[in-house]
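Student: I would like to learn how to read a structure of this kind step by step. Could you take me through its features, giving the general idea before each case?

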Amino acid sequence: MALDTDTVRRIARLARLHIPDADLEPLAGELSNIIGWVEQLAEVDTDGVAPMTSVVETTPHLRDDVVNDGGYPDRVLANAPDAEGEFFAVPKVIE
Amino acid sequence: MTDTAPDHLSGHVTTRIGHNQKDLVEGATGPWEVIIGLEVHAQVTSEAKLFSGAATAFGAEPNTQVSLVDAAMPGMLPVINRECARQAIRTGLGLGAQINLRSVFDRKNYFYPDLPQGYQISQFTQPIVGEGRITVDLPDGESFEVGIERLHLEQDAGKSIHDQHPQKTFIDLNRSGVALMEIVSKPDIRSGEEAAAYLGKLRSILRYLGTCDGDMSQGSMRADVNVSVRRPGEDLGTRAEIKNVNSLRFVRQAVDYEVRRQIELIEDGGEVDQETRLFDANRGETRSMRSKEEAHDYRYFPDPDLLPLEFDQAFVDALAADLPELPDAKKARFIDDYGLSSYDAGVLVAERETAEYFEAVIDPAGAKRDAKLAANWVTAELFGRLNNADKDITESPVAAVQLGGLIDLIADDTISGRIAKDVFAEMFDSGQEAAAIVEEKGLKQITDTGAIESVIDQLIADNPDQADQYRQGNTKVAGWFTGQAMKATQGQANPQMVNQILKDKLGG
């Protein structure tokens, strides 16, 4: 499958990536190559095989309903570019 | 029907066929049918979050109930809280729904400052609960059924606070990662009243199950309401989605406003936009929230950090066997066992706490008091006073057993129903036992024939004119005599006895 530049522009935007127009064409080529490579998997006959979300034949580890984490707002906020009191602060967003 | 196949992002197929003439809304150019579906977000009752060990309690200091998982720090991995899954299954059972023994968590991708992961972990194609159905009662005694499309588990986002700073939005991640059940109805709802009644019934079921506290003022339950209108029998119209409506009253108001808006828009030659709107409770109107941004494209895919959730049927069966009696079953039992009207039974079972209080009043295990009398006392006197005092039934100053004691005094003619109301008022204020108040204030009903006779003899002697009128068949005067006799005994004479003695004495 080949991606066109409009699709690349759209998915870059969805990922909040700024791609200069000049880079769109080469990136479309690179992404198309990656998809083409992965598409080789389509050659495997999967008739009658339910789509898998994991190849591990196991059930997930579940946690008990116990509070054993949290209570460290300083650590949570340590890497925040901006904070006010115990809040994260971001540029104003109002819909 | 030309509706598309079920898909929780586009229109669902209604399971309610045909329309009720009374549900149609009259426009300028003819009648319209209203089609409503609700997506309700209900916070799962649990100690810890869906994928982390941080606490879920409401009202904590900002960012104090946040783990590094909830803050989406690199390398952190989600681990499913068993209890949240168990609660979702119990809820599904309570909704009469299919339980999916295998369900899958997906990532719903979007960017917003209160969503630190850049995606919400939700369930898309394989939710934990599939189709179900509930019965909803309306205040007029009618009932209707609403199909449940699905219930899935997902994370809540954090909270954005816009009014604390002129240029900044503040973010509190305490809610981030709290488990939500999104319960999606089929578009089987036809009016604002029905939408509110559906939400009320859902809330009642969840509270009975103990899977969500249903506290809408704290955001534990909130509804996205999808509304469209069409000519009866024609294809579905374009729907608008009203986001985050947080009370039954607002749901009704929002729908009523939105229906009117859409009808007027179409009748004026316009078209309804498929868009997200918000309900402004102050103005009682819905407003478009659409920003200039392109339509959302969530690019769902299975979360590679989480294996599918699997249970065996025995686990589900054990949960089913252990469910509490739910409102419909309780209502039927109240009607069958206690002879209550459908209306009274419905009022008493709406809240589990009220039903429990009522049953404690009539004491089914022991004395088994008059259930209809008890129902009247609970729904009229007790509700009235609780309402005035802004208390709920769990805060009632009169315990159920105390109200039972009062009812005993009425039943054995110790006090009249009228005196009982005064005694109840006193009980409500002081928390004292009924018998103690009656004793202390000397409120015992006078059932001594001789005592009542002497009061009436005196009345007749003092009021010969009225007595004559009575003898000539003036029934109004009979009432006057009764009133005077009750007054003379401070309301303590047994009214039936007063009437009988009056009749005997005046030869009525």
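**Reading the model**

Tutor: There is 1 cavity of 30 Å³ or more here, where a cavity is, on a 1 Å grid over the protein atoms alone, a set of points where a 1.4 Å probe fits but cannot get out, its lining residues having an atom within 4 Å of a point. Grid points are joined across faces, edges and corners, and the volume is the space filled by probe spheres set on the points. This is a predicted model, in which local features need pLDDT of at least 70, side-chain atom pairs count only at pLDDT 80 or more, and totals for chains, interfaces and linings use all residues. Residues are numbered from 1 along each chain as its sequence is written, chains are lettered from A in the order in which they are written, and side-chain values use heavy atoms, with hydrogens and water left out.

Student: What volume does the largest cavity have, and which residues line it?

Tutor: The volume of the largest cavity is about 60 Å³, and its lining is made up of Val69(B), Asp70(B), Leu115(B), Pro116(B), Gln117(B), Gln155(B), Asp156(B), Ser176(B) and Gly177(B). By type, this lining divides into 3 nonpolar, 4 polar and 2 charged residues, on a scheme that counts Ala, Val, Leu, Ile, Met, Phe, Trp, Tyr, Cys and Pro as nonpolar, Asp, Glu, Lys and Arg as charged, and the others, Gly among them, as polar.

Student: How many salt bridges are there over all chains?

Tutor: A salt bridge is a side-chain nitrogen of Lys or Arg within 4 Å of a carboxyl oxygen of Asp or Glu, and by this rule the count over all chains comes to 40. In one of them, the side chains of Glu351(B) and Arg207(B) meet at 2.8 Å, N to O. This pair links distant parts of the chain, 144 residues apart, with Glu351(B) in the loop between helix H6 (342-349) and helix H7 (352-362) of chain B and Arg207(B) in helix H2 (residues 192-209) of chain B; helices (H or I, at least four residues) and strands (E, at least two) are DSSP runs, numbered from the N terminus.

Student: Is Ser122(B) buried or exposed?

Tutor: Buried means under 20% relative accessible area, exposed over 50%, and partly exposed in between (1.4 Å probe, protein chains only). Ser122(B), in strand E6 (residues 119-122) of chain B, is buried, with a relative accessible area of 2%. Not counting residues up to four places away in sequence, Ser122(B) touches Val104(B), Phe105(B), Asp106(B), His152(B), Leu153(B) and Glu154(B), contact meaning heavy atoms within 4.5 Å. By contrast, Glu351(B) counts as partly exposed at 25% relative accessibility, and Arg207(B) as partly exposed at 24%.

Student: How many residues of chain A and chain B are in contact?

Tutor: In this model 40 residues of chain A are in contact with 49 residues of chain B. The two chains bury about 4100 Å² between them, 58% of it on carbon and sulfur atoms, buried area being the accessible area (1.4 Å probe) that two parts lose on being put together, summed over both. Between chain A and chain B the count is 4 salt bridges, and Glu84(A) and Lys168(B) meet through their side chains in a salt bridge of 3.0 Å, N to O.

Notes:
On a 1 Å grid over the protein atoms alone, a cavity is a set of points where a 1.4 Å probe fits but cannot get out, and a pocket is an open set with protein on both sides within 12 Å along at least five of seven lines; lining residues have an atom within 4 Å of a point.
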